[in-house]
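Subject: The model, plus some notes

Hi,

Here is the structure I promised to pass on. Have a look at it first, and then read my notes below.

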Amino acid sequence: MDESTIIRVALLDDSAEDRILFCHQMKDVKGWSLQPSAVSSATAFESHLIEHRVQIAFVDYRLGDQLGSEVVAKAVARFPEIAFVIVTGEGDEEAATRSLRAGALDYISKRSLQSDIANEVIQRVVSEHYKRRQAQVFF
């Protein structure tokens, strides 16, 4: 498979079960060649993004005593080439707003990644991220 057709995706989540599930689910998303990886701590997140050359990063909204939106706000500034998506088991409008303002391209439920919706999520994120990157070139 051509390296350029592979999309490297990662999950930052403090739940070992969710990390394992994510990696299995991403391998099963139809229509995409996804190379999943996962990391458990915000401390290791930046080096993981670099080491795995991540293109789309999914970040759990609740990471122990830290919010995923805080992690995304820092990461977006350092890695503008990566698309960030907040995932949550339980969410609300305020959390979604906070996440999008932090720079996430989307805010979705973890269940969305466990279904056929995952294909739509990946498509939307890739498309939106591409549009934003193109817009930056012209401004």
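First, the ground rules. This is a predicted model, where local features need pLDDT of at least 70 and side-chain atom pairs count only at pLDDT 80 or more, while totals for chains, interfaces and linings use all residues. Residues are numbered from 1 along each chain as its sequence is written, and side-chain values use heavy atoms, with hydrogens and water left out.

Helices and strands are DSSP runs (H or I, at least four residues, for helices; E, at least two, for strands), numbered from the N terminus.

**Helix packing**

The axes of H3 (residues 68–78) and H4 (residues 93–102) come within 8 Å and cross at roughly 15 degrees. Axes here are lines fitted to C-alpha atoms, for helices over the stretch in contact, with angles from 0 to 180 degrees between N-to-C directions. So H3 is roughly parallel to H4, a label used for angles under 35 degrees. On the H3 side, Ser69, Val72, Ala73 and Val76 make the contact, and on the H4 side Arg98, Ser99 and Ala102 do; contact means heavy atoms within 4.5 Å.

**The cores**

A nonpolar core is a set of buried Ala, Val, Leu, Ile, Met, Phe, Trp, Tyr and Cys residues joined through side-chain atoms within 4.5 Å. Buried means under 20% relative accessible area, exposed over 50% and partly exposed in between, using a 1.4 Å probe and protein chains only.

The largest core has 23 residues, and Phe45, Leu49, Val59 and Phe84 touch the most other members. At least two residues of this core come from each of E1 (6–12), H2 (42–51), E3 (56–60), H3, E6 (83–88) and H4. Leaving aside neighbours within four places in sequence, Phe84 has contacts that include Phe45, Leu49, Val59 and Val72. There is also a second, separate core of 20 residues, with Val9, Phe58, Leu105 and Ile108 among them.

**Two single residues**

Ala118 sits in H5 (residues 117–138) and is buried, with a relative accessible area of 2%. Not counting residues up to four places away in sequence, Ala118 touches Val29, Ser112 and Leu113.

Arg53 lies in the loop between H2 and E3. Its phi is near 50 degrees, a positive value in a residue other than glycine. Arg53 is partly exposed, at 48% relative accessible area.

Cheers

Key. Angles under 35 degrees count as roughly parallel, over 145 as roughly antiparallel, 65 to 115 as roughly perpendicular and the rest as oblique.
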